[in-house]
Amino acid sequence: LERDEICSGCSYGNAGWVVPSHSVPLAGPGVIRKALRWMLDPESPFYIKPRFDLDLFRWLWRFRAAANERTMRENVSFLSDLTRASLALYDGLVAEEGLECSYDRNGLLVLFKTAQGYREGLEEAQLVEQHGVHMRELTPEGVLDMEPNVRPDISGGIFYRDEAHLNPWEFVTGLAERFQQKG
């Protein structure tokens, strides 16, 4: 459902990944320090346009309260269940409706330039693995065996075998056509 035309909002403006590996919530230990820097950078993953807004302040206060180990771990469990269920629903919907949307289940290869980034990535990967998300740690050589066109100056990679990708525009417009056909 869109505010304007079919496939004009979030259903179009996303990368098209269906990724159980991304089940670690943004609100976690240590994120407040990062978020304070990010909030001022429009290119960051957590930019908030500065404004006086009581609802925003309440949301930020709740976000701060959720940025702890216990809440993060509880939410990983919920999010991994939700994303794996979503993946199964996409599999079924694309197949049953015959949607041509470039859907594939080739997995996701995540690369890390720095050793610290790789360590942090492995911690997250091991956490989601505890909740049924399959991952494989890769050395720089292992990454190059899998994908020879990667620049060799990386610290490592993680391959999540079950991740999927689709073209959001093709998916949403195809789904809309099916709805119209079915009245």
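The legends below describe an overview and several close-up views of a predicted protein model. Local features need pLDDT of at least 70 and side-chain atom pairs count only at pLDDT 80 or more, while totals for chains, interfaces and linings use all residues. Residues are numbered from 1 along each chain as its sequence is written, and side-chain values use heavy atoms, with hydrogens and water left out.

**Figure 1. Overview of the fold and surface of the protein.** The protein has six helices and five strands, in the order β-α-α-α-β-α-β-α-β-β-α from the N terminus. Helices (H or I, at least four residues) and strands (E, at least two) are DSSP runs, numbered from the N terminus. The C-alpha trace spans about 50 × 50 × 30 Å along its principal axes. Of the 183 residues, 35% count as buried; buried means under 20% relative accessible area, exposed over 50%, and partly exposed in between (1.4 Å probe, protein chains only). Among contacts (heavy atoms within 4.5 Å) with a separation of 6 or more, 73% are between residues 24 or more positions apart. The accessible surface comes to about 12100 Å², and 55% of that surface belongs to carbon and sulfur atoms. Areas come from the Shrake-Rupley method with a 1.4 Å probe; for residues, only the protein chains shown count as cover. The mean positions of the 20 positive and 28 negative charges lie 8 Å apart. Lys and Arg count as positive and Asp and Glu as negative, without His and the chain ends, and each charge is placed at NZ of Lys, CZ of Arg, CG of Asp or CD of Glu.

Figure 2. Most residues other than glycine have a negative phi. Cys7, although not a glycine, has a positive phi of about 65°. Cys7 is found in the segment before strand S1 (17-18) and is buried, at 7% relative accessibility. Ser102, also not a glycine, has a positive phi of about 55°. Ser102 lies in the loop between helix H3 (69-97) and strand S2 (108-112) and is partly exposed, with a relative accessible area of 48%.

**Figure 3. Salt bridge between Glu74 and Arg70 in helix H3****.** The whole structure holds ten salt bridges, each a side-chain nitrogen of Lys or Arg within 4 Å of a carboxyl oxygen of Asp or Glu. The closest N and O atoms of Glu74 and Arg70 are 2.9 Å apart. The two residues are four apart in helix H3, so about one helical turn separates them. Glu74 is partly exposed at 45%, whereas Arg70 is exposed at 55%.

**Figure 4. Salt bridge between Lys182 and Glu97****.** The closest N and O atoms of the pair are 3.1 Å apart. Lys182 belongs to the segment after helix H6 (168-181) and Glu97 to helix H3, so the pair links distant parts of the chain, 85 residues apart. Lys182 counts as exposed, with a relative accessibility of 62%.

**Figure 5. Salt bridge between Lys113 and Asp153****.** The N to O distance between these side chains is 2.7 Å. Lys113 lies in the loop between S2 and helix H4 (115-129), and Asp153 in the loop between helix H5 (140-146) and strand S4 (156-160); the pair therefore ties together parts that are 40 residues apart in sequence. Lys113 is exposed at 54% relative accessibility, and Asp153 is partly exposed at 36%. Salt bridges that share partners join Lys113, Arg151 and Asp153 into one network.
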